[in-house]
Amino acid sequence: MAALCSCAHAVIPGTNVPDNPQNRAVLEVLAEYKRAMEARDPNALLGLAAPDYFDRGDAGRPNEPRDLEGLRRTVPKDFTGVRALKLDIDIRKLTVEGDRAQVDFFAVMRYAVGVPDGEKWFTESDDQRMKFERVGNDWKISSGM
């Protein structure tokens with residue numbers, strides 16, 4: 001039994017991701033994204049984006065931002081009227097290859113929007129993929145915001 005336990009690889013708590021500095025660094029950027037979303041802070045979100053950010057977007061939403069300039073135009077507007085936001089992220093898979101990384105996760109976003117008689121809560125959930133690239137010594141989001 002001791003031999004089996006000594007062969008077990010440590011994983012980051014709450015995930016099946018191997019615990020190493022590189023994986024922790026990528027997941028820390030995802031955690032910063034979560035904090036920025038919950039704070040409804042467009043400047044913090046834009047600060048996480050890679051200079052060459054590009055996202056093919058969702059065909060059902062043709063006006064979705066596809067590059068960093070698009071994010072700069074639309075992200076500040078995304079929080080208009082949003083009074084509260086809670087984002088839960090369940091990491092499914094993390095892959096790091098050189099200066100590129102990809103995280104697959106399931107996200108549940110709950111948010112309150114102001115309406116004439118108070119606020120109304122909405123929930124959105126979906127499988128998502130966020131891509132990262134190393135910029136200097138930092139990891140930045142290159143797609144998936």
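User: Which element gives the most to the lining of the second largest pocket?
Analyst: That is α2, with 5 residues in the lining, and both α2 and β1 supply at least two residues each. Helices (H or I, at least four residues) and strands (E, at least two) are DSSP runs, numbered from the N terminus. A pocket is an open set of points on a 1 Å grid over the protein atoms alone, where a 1.4 Å probe fits and protein lies on both sides within 12 Å along at least five of seven lines, and lining residues have an atom within 4 Å of a point. This is a predicted model, in which local features need pLDDT of at least 70 and side-chain atom pairs count only at pLDDT 80 or more, while totals for chains, interfaces and linings use all residues. Residues are numbered from 1 along each chain as its sequence is written, and side-chain values use heavy atoms, with hydrogens and water left out.

User: Which residues line that second largest pocket, then? And what is its volume?
Analyst: The lining consists of Ile-12, Leu-27, Glu-28, Leu-30, Ala-31, Lys-34, Ile-89 and Ile-91. The volume is about 160 Å³, taken as the space filled by probe spheres set on the grid points, which are joined across faces, edges and corners.

User: Where does Ile-12 lie?
Analyst: Ile-12 lies in the loop between α1 (2-7) and α2. Ile-12 counts as buried because its relative accessibility is 9%, where buried means under 20% relative accessible area, exposed over 50% and partly exposed in between (1.4 Å probe, protein chains only). Leaving aside neighbours within four places in sequence, Ile-12 is in contact, that is, with heavy atoms within 4.5 Å, with Val-17, Pro-18, Asp-19, Asn-23, Arg-24 and Leu-27. Between Ile-12 and Arg-24 the C-alpha to C-alpha distance is 7.8 Å, and they are 12 residues apart in sequence.

User: Let's step back to the whole chain. How many helices and strands are there?
Analyst: There are 4 helices and 4 strands, and read along the sequence they follow the pattern α-α-α-α-β-β-β-β. Of the 145 residues in the chain, 34% count as buried.

User: What makes up the largest nonpolar core?
Analyst: That core has 33 residues, and those with the most contacts inside it are Leu-30, Tyr-33, Val-103 and Phe-132. A nonpolar core here is a set of buried Ala, Val, Leu, Ile, Met, Phe, Trp, Tyr and Cys residues joined through side-chain atoms within 4.5 Å. At least two residues of this core come from each of α2 (21-39), α3, α4, β1 (82-97), β2, β3 (118-135) and β4 (138-143), with the largest share, 7 residues, coming from α2.

User: What does Tyr-33 touch?
Analyst: Not counting residues up to four places away in sequence, Tyr-33 touches Leu-45, Leu-48, Leu-87, Met-130, Ile-141 and Met-145.

User: Moving on to α4, which of its residues are buried?
Analyst: In α4, residues 68-78, the buried ones are Leu-68, Gly-70, Leu-71, Thr-74 and Val-75. They sit on the same side of α4, because they cover an arc of only 130° around the axis, the arc being that of the directions from the helix axis to the C-beta atoms. On the other side of α4, Arg-73 and Lys-77 are exposed. What covers the buried residues includes α3 (42-48).

User: What about Asp-104, is it buried or exposed?
Analyst: Asp-104 counts as buried, at 16% relative accessibility, and lies in strand β2, residues 100-115. A polar contact of 2.6 Å joins its side chain to that of Arg-129. Such a contact is a pair of N or O atoms within 3.5 Å; within protein, one must be able to donate a hydrogen and the other to accept it, and residues adjacent in sequence count only if both atoms are side-chain atoms. Beyond four places in sequence, Asp-104 touches Ile-91, Arg-92, Lys-93, Gln-128 and Arg-129.
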